[in-house]
Amino acid sequence: MTPDGDGGARAAPPPAPPAPARGRRERLELFSSRVPFTLKLAAVWATILGVLALLFAGADFDTDWMREHAGFIARGLTWTIVIAVASIVLACVLALLGALGRLSRNAIAVGVTSFYTSFFRGTPLIVQLFLIYLGLPQIGINLGDPWADWLTLDVFTAGIIALGLNYGAYMTEIFRAGIQSVGHGQSEAAEALGMTYRQKMRRVVLPQAVRVIIPPTGNEFIAMLKDTALVSFLGASLDQMEIFRRAQLLGRADFRNLEALIVAALMYWGLTTVFQYFQLRLERRLSKAYVRGTAGVAVAGERARPGT
Amino acid sequence: MSITGEVRIEGLRKSFGGHQVLRGIDLEVGKGEVVVVFGRSGSGKSTLLRCINFLEEPSEGTIEIAGIRVEGGGHRTRKKRELIRQLRIRTGMVFQDFNLFPHLTALDNVIEGPVTVLGRRRREAEALGRELLEMVGLPDKAASYPIQLSGGQQQRIAIARALAMNPKVMMFDEPTSALDPELIGEVLAVMRRLATELHMTMLVVTHEMGFAREVGSQMVFMHEGEIIEHGPPARVLSDPQRPETRRFLEAVL
């Protein structure tokens with residue numbers, strides 16, 4: 001007997017139920033439950049990659065060719081990244097203006113922004129690309145002298161403007177939702193302090209909206225990184241070609257289409273993976289103020305470990 | 001009674017759609033006075049405070065605070081918006097659910113107004129901010145974010161944030177209603193200090209009758225959008241004239 005009277009809990013152990021015979025399946029389940037989840041996950045990934053490697057080996061790829069020409073395709077990386085970054089910056093500016101316009105009570109602002117989002121979400125990106133690249137110069141020529149020059153854009157600029165306009169229209173909704181997610185009480189507190197609309201937005205509403213806006217915007221950026229490939233349909237000189245255009249050109253010339261495209265695909269994939277890593281870090285940083293416990297930073301750091 | 005009205009409300013009316021929430025309010029608050037507004041929920045107390053700093057646009061009537069006079073109703077022109085802003089700068093507001101800025105630390109919450117609205121230098125504002133945190137009894141919470149603080153602590157920071165603008169009038173909209181009972185005392189203690197030591201002009205919507213009796217200079221009972229009883233707390237609490245007031249006091253005391 002234990003001295004401290006908790007004997008009640010221990011008294012009379014229930015008769016052990018007869019150990020049931022464990023089936024093969026049940027034993028497997030029990031074994032699986034003891035293996036850490038991350039280990040299982042790694043095993044699944046390894047299997048997928050292994051199967052793919054087998055397929056590749058079976059397809060008799062010209063890996064030497066891939067190694068040799070990867071450098072040529074990789075030189076397109078700069079353009080892919082420059083186009084994507086410039087477009088996302090343009091898209092973010094347009095999305096912010098669009099969202100503020102949609103939420104305003106000014107008829108001009110609401111009208112212009114609703115037309116913008118309606119048109120650019122309602123037509124295919126590829127059509128917009130050609131409209132800007134081929135359509136604008138035509139308007140320019142009809143308008144006469146200074147316009148003809150201004151409205152004739154090179155592939156690169158046309159691509160950035162089209163991607164920026166298109167993604168900006170989609171992201172307007174993301175920004176609008178982000179701004180609306182900030183509680184009304186926040187607006188009132190800012191106004192009660194005597195803030196102007198601008199001050200309220202810049203100091204109180206937008207900094208809080210950013211937390212909501214960042215994850216879906218990262219998503220859009222990943223989509224855009226891949227959509228830069230569409231710019232190649234406009235045609236470009238060799239020194240301005242992005243990954244896909246280079247891969248296509250090279251693959252056709254050497255009759256190594258599959259090899260070239262796989263190299264390009266791997267590069268896009270690598271790019272988005274790297275970007276996702278930075279996005280995750282940014283999101284963690286922004287959530288610093290929203291973690292309970294006295295040392296918010298330390299807690300956030302703790303959480304960061306399993307992911308990295 | 002009131003020599004120089006710090007706050008003057010004349011003929012204030014407010015309707016939402018067809019429903020009249022305020023039916024003609026006249027009220028004057030003298031410098032250093034503490035006016036306690038009470039009444040059943042839906043009687044228009046909160047709307048009254050929110051109309052005073054134009055978080056709600058009055059349908060009719062005039063608000064005057066520290067010499068700034070604004071007409072209610074009509075379109076908010078650029079000129080009127082600026083007038084409202086000037087009025088708000090002179091008016092501190094404390095909300096029922098605090099509304100601290102969650103992305104800023106306690107100190108940054110307090111200095112946000114002085115830095116952004118009044119254009120004070122950050123360093124000066126921080127010195128003032130620390131003083132105010134000291135005053136509300138939270139000098140060691142400067143670096144904490146709102147989520148790390150209790151409700152009572154958040155409300156005290158919110159009071160410090162309003163005070164940092166050096167307002168002529170402080171308005172409290174049920175400042176203790178969202179708090180757990182054991183946290184109410186610390187907030188009331190800060191408010192009491194404001195009244196007795198700083199002689200702050202205050203308009204307080206609350207059902208804390210102990211607070212009203214102790215520091216209130218006028219009590220205002222609202223019923224269906226009107227002030228139906230008005231007088232010094234000792235008189236209103238011990239000898240209410242209207243049956244509605246009596247019934248309400250019996251229910252809360």
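The legends below describe close-up views of a predicted model with chains A and B.

Local features are given for pLDDT of at least 70 and side-chain atom pairs for pLDDT 80 or more, while totals for chains, interfaces and linings use all residues. Residues are numbered from 1 along each chain as its sequence is written, and chains are lettered from A and ligands numbered from 1 in the order in which they are written.

**View 1. Confidence along chain A.** The mean pLDDT of chain A is 85, and 88% of its residues score at least 70; pLDDT is the predictor's confidence in each residue, from 0 to 100. Helices (H or I, at least four residues) and strands (E, at least two) are DSSP runs, numbered from the N terminus. Two residues are in contact if their C-beta atoms, placed from the backbone, lie within 7 Å. Residues 294–308 of chain A are also below 50, with 15 contacts beyond near neighbours in sequence.

**View 2. The side of chain B that touches chain A.** The contact takes 21 residues from chain A and 20 residues from chain B. On the chain B side, α2 (78–89) and α3 (106–117) are the elements that give two or more residues. The largest share, 4 residues, comes from α3(B). By class, this side of chain B has 10 nonpolar, 6 polar and 4 charged residues. Ala, Val, Leu, Ile, Met, Phe, Trp, Tyr, Cys and Pro count as nonpolar, Asp, Glu, Lys and Arg as charged, and the others, Gly among them, as polar.

**View 3. Helices α3 and α4 of chain B.** The axes of α3(B) and α4(B) (residues 122–135) are 9 Å apart, at an angle of about 125°. Axes are lines fitted to C-alpha atoms, for helices over the stretch in contact, and angles run from 0 to 180 degrees between N-to-C directions. The two helices α3(B) and α4(B) are therefore oblique to each other; angles under 35 degrees count as roughly parallel, over 145 as roughly antiparallel, 65 to 115 as roughly perpendicular and the rest as oblique. Residues in this contact include V110(B) and I111(B) of α3(B), and L128(B) and L132(B) of α4(B). The contact of α3(B) with α4(B) has 10 nonpolar, 1 polar and 3 charged residues.

**View 4. Helices α5 and α6 of chain B.** Helix α5(B) (residues 151–163) packs on α6(B) (residues 181–196) at an angle of about 15°, with axes 8 Å apart. Therefore α5(B) and α6(B) are roughly parallel to each other. Among the residues in contact are Q155(B) and I159(B) of α5(B), and V187(B) and V190(B) of α6(B). The residues of this contact divide into 4 nonpolar, 3 polar and 2 charged.

**View 5. The sheet of chain B.** Six strands form an open sheet with mixed pairing, in the order β6-β7-β8-β3-β9-β10. Two strands pair if DSSP finds at least two bridges between them. The edge strands β6 (91–94) and β10 (226–231) of chain B each pair on one side only. The twist from one strand to the next averages 20°. Within the sheet, β7(B) (residues 169–173) and β8(B) (residues 201–205) pair in the parallel sense over 5 bridges. M202(B) in β8(B) is the bridge partner of M170(B).
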